[in-house]
Amino acid sequence: MLAILKKEINTFFTSPIGYLVIAAFLLLSGLFLWIFKGEFNILDNGFADLSAFFLLSPWILIFLIPAVTMRSFADEKKQGTLELLLTKPISHLNIALGKYFGALVLIIIALIPTLLYVFSLWTLGNPQGNLDTGSLMGSYIGLLFLVSTYTAIGVFASSLTDNQIVAFILAVFICFFFYFGFEGLSNYNVFGDTLYIEKLGMEAHFKSMSRGVLDTRDMLYFLSLTAAFILLTKFNLNKANS
């Protein structure tokens, strides 16, 4: 697994992919938070908090993470190297985990520079350091859980096809459905208990963690969903090897 993880990270940073993803995420979030006028602009808001960043990030990452993961298995299939990889003395689960953690490390690296936003708000606050650290930590932890699930979905989508564009579109659709789809469905009373339907989606759990309350139910939700998509990826690899 470690060999695959290292290979994935090296691939990202020996090609423009890794740098483009990090630059795109920081550029988009920076423009919306500090430059563009509107509800996301921190300076216009007048409050020293990063709630706009955590509101915006899931929607930016819903496109950027599939762009990172779309080549994970689709490229291997297209080049005909997947069969060779599957014959190596390594379990299919470890192959899936290696690809998964390789993409996840890149996304986490892209998130690290956003700590500069925290430092900026700490400095700009009146009085200095006037930040809700509990909510901030909860939001970052929630974002890490969200990113981990997006990445698992993206790797799963890539294992379904040998076309990177198809893998990208599938991953975006699945991520969108699990993030916003259930909340959208909860607006229709025909589904009965709307709160229960809403809790099936990632947005409700992410918002709960963003309030600074780390409920084990929210963490278990993300961990379960991530594990499910990794196991589905393993199942697809088993089929490809049969």
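Which residues make the nonpolar surface patch of about 400 Å²? Before I answer, please keep in mind that this is a predicted model, in which local features need pLDDT of at least 70 and side-chain atom pairs count only at pLDDT 80 or more, while totals for chains, interfaces and linings use all residues. Residues are numbered from 1 along each chain as its sequence is written, and side-chain values use heavy atoms, with hydrogens and water left out.

The patch is made by I108, I109, I112, L115 and L144; patch residues have over 30% relative accessible area and no salt bridge, and nonpolar side chains are joined within 5 Å. I108 belongs to helix α7, residues 92-111, and counts as partly exposed because its relative accessibility is 32%, where buried means under 20%, exposed over 50%, and partly exposed in between, with a 1.4 Å probe and protein chains only. The C-alpha atom of I108 is separated by 9.5 Å from that of I22, although the two are 86 residues apart along the chain.

L144 sits in helix α9 and, at 40% relative accessibility, is likewise partly exposed. Helix α9 itself is mostly covered, with 20 of its 26 residues buried.

Let me turn to helix α8, residues 115-124, where Y117, V118 and L121 are buried. These residues cover an arc of only 100° around the axis, which puts them on the same side of α8. Their cover includes α2, α3, α4 and α9, contact here meaning heavy atoms within 4.5 Å. On the face turned away from that buried side, α8 carries the exposed residues L116 and F119.

How values were computed:
Helix = DSSP H or I, 4+ residues; strand = E, 2+ residues; numbered from the N terminus. Arc of directions from axis to C-beta. Patch = residues over 30% accessible without salt bridge, like charges linked within 9 Å, V, L, I, M, F, W, Y side chains within 5 Å. Areas by Shrake-Rupley, 256 points an atom, 1.4 Å probe, with all protein chains shown as cover. Salt bridge = Lys/Arg side-chain N within 4 Å of Asp/Glu carboxyl O.
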